[in-house]
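User: I have a new chain to look at. Can you walk me through it?
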Amino acid sequence: MITVEDWALIRRLHLAEGESMRSIAARLDISRNTVAKAVSAESPPTYVRAPRDSGIKAVEPAIRALLRENPRMPATVLAERVGWSGSPAWFRENVARIRPEYAPADPADRITYEPGDQAQCDLWFPEVRIPVGAGKPRILPVLVMVSSHSRFVMARMIPSRMTGDLLAGMWELIGGLGAVPRRLIWDNETGIGRRNSFAAGVPAFAGVLATRIVQVRPYDPESKGVVERTNQFLETSFLPGRSFASPEDFNAQLAEWLLKANTRLVRRIGARPTELLPQDKAAMLGLPPVPPVTGFAARVRLPRDYYVRMGSNDYSVHPQAIGRFVDVTADLDTVRVSLDGRSVGDHSRSWGTGLTITDPVHVDAARTLRKAFQNPVPAEPAGVRDLADYDRAFGVVLDDGQVA
């Protein structure tokens, strides 16, 4: 097939200049039949591929049936289900064309936040293992709270994601702020609650603070976009190049860094968090007159081995309380055990797992009690009273007629 330029040249040489087809064929090194066809053709030659059915048409009904049941099914899974063996890129392109019919787009508007209205809460898990004393280094959660209007960031590493630690961490951060946001926005964190049902202690915590805890719907990242971006900010700006000797060291470095981070200029609001914070706090609620109940509390009977379990660790108790009910309370830093209001155990809380924390005083007391139990002191024999004393006491008449 000749090109469009050759077709135009042939017609010009033959029709306009009168050159013979033989000489044109020799000049262009093509056959005379090709020259003749070009002269007789009213338009340049074009190539038209013969229509052929695409392989995607054969599997498209099956793709649509699967998307009708599960609109978010990945293209790789769809290809496996329908037995596609062709080009993966071609398959993904066609799935992207079909999917919007079954999974329409979900537009998200930009949200504006009123002063004092809400603080967004989340857990950030930094990819760094923190030494926790005698236990193995652990990846520990960091509770992050961001005031949505001012973008003021508060954060603290906590021992676990259990309800008691979450409430204790929130109260510490709110107490440091000095005001209570009207709403606390959470995702479906198990320690807070799931499926519109709060965990034990959460409603009472919110009631004392006179605030409202709101859990957003699943797959709705925009409702917590402020704190999600803050987590990424912590990941990329605070964490790189740092090492930590303990959870306390982590919190100390984080607190120092936040003093600078909260003075940065936030492009979205066009101001610094510390500049907007006074306006934000003025619209918040005041702190409650009494603190809410946080941490952990339990009442257990102390067993013979005089240890109580808090989380996944065992803490020693004075053995004098063996067999009696003791009250165990714990916050982010300490574990306390009391008997009738009297302290029988006081420990720094361990952030490790599967550990045994022992007070040497308790071990010495147990050793003393064990020796006393194994070697009892024999009681002194009591004096034997004369039986005549009982006769005289009760006026018993003897056989000879006399009174004893």
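This is a predicted model: local features need pLDDT of at least 70, side-chain atom pairs count only at pLDDT 80 or more; totals for chains, interfaces and linings use all residues.

User: What radius of gyration does the chain have, and what would a compact globule of 404 residues have?
Analyst: The chain has 42 Å. A compact globule of 404 residues would be near 22 Å.

User: And what box do the C-alpha atoms fill?
Analyst: Roughly 180 × 55 × 40 Å, taken along the principal axes.

User: How much of the chain is buried?
Analyst: Buried residues make up 39% of the 404.

User: What about contacts across the sequence? What share comes from residues 24 or more positions apart?
Analyst: Take the contacts with a separation of 6 or more. Residues 24 or more positions apart account for 60% of those.

User: Let's zoom in on helices. How do H4 and H5 pack?
Analyst: H4 covers residues 55–69 and H5 covers residues 75–82. Their axes are 10 Å apart, at an angle of about 125 degrees. The crossing is right-handed.

User: Which residues make that contact?
Analyst: H4 brings Val59, Ala62, Ile63, Leu66 and Leu67. H5 brings Leu78, Arg81 and Val82. Seven of the contact residues are nonpolar, none is polar and one is charged.

User: Now H7 and H8. Where do they run, and at what angle do they cross?
Analyst: H7 spans residues 163–177, and H8 spans residues 202–209. Their axes come within 11 Å and cross at roughly 15 degrees.

User: Why are H7 and H8 called roughly parallel?
Analyst: Angles under 35 degrees count as roughly parallel. The H7–H8 angle is roughly 15 degrees, so the two helices are roughly parallel to each other. The crossing of H7 and H8 is right-handed.

User: Who meets whom there?
Analyst: From H7, Thr163, Leu167, Met170, Trp171 and Ile174. From H8, Val202, Phe205 and Leu209. The H7–H8 contact residues split into seven nonpolar, one polar and no charged.

User: New topic: Pro247. Where is it, and is it buried or exposed?
Analyst: Pro247 lies in helix H10, residues 247–261. Its relative accessible area is 4%, under the 20% cut-off, so Pro247 is buried.

User: What does Pro247 touch?
Analyst: Leaving out residues up to four places away in sequence, Pro247 touches Ile130, Pro131, Val132, Leu140, Met157 and Trp351.

User: How far is Pro247 from Val377?
Analyst: They are 130 residues apart in sequence. In space they are 50 Å apart, C-alpha to C-alpha.

Technical notes
Residues are numbered from 1 along each chain as its sequence is written. Side-chain values use heavy atoms; hydrogens and water are left out. Axes are lines fitted to C-alpha atoms, for helices over the stretch in contact, and angles run from 0 to 180 degrees between N-to-C directions. Helices (H or I, at least four residues) and strands (E, at least two) are DSSP runs, numbered from the N terminus. Angles under 35 degrees count as roughly parallel, over 145 as roughly antiparallel, 65 to 115 as roughly perpendicular and the rest as oblique. A crossing is left-handed if the near helix is turned anticlockwise from the far one by less than a right angle, and right-handed if clockwise. Contact means heavy atoms within 4.5 Å. Ala, Val, Leu, Ile, Met, Phe, Trp, Tyr, Cys and Pro count as nonpolar, Asp, Glu, Lys and Arg as charged, and the others, Gly among them, as polar. The radius of gyration is taken over C-alpha atoms; the globule rule is 2.2 Å times the number of residues to the power 0.38. Buried means under 20% relative accessible area, exposed over 50%, partly exposed in between (1.4 Å probe, protein chains only).
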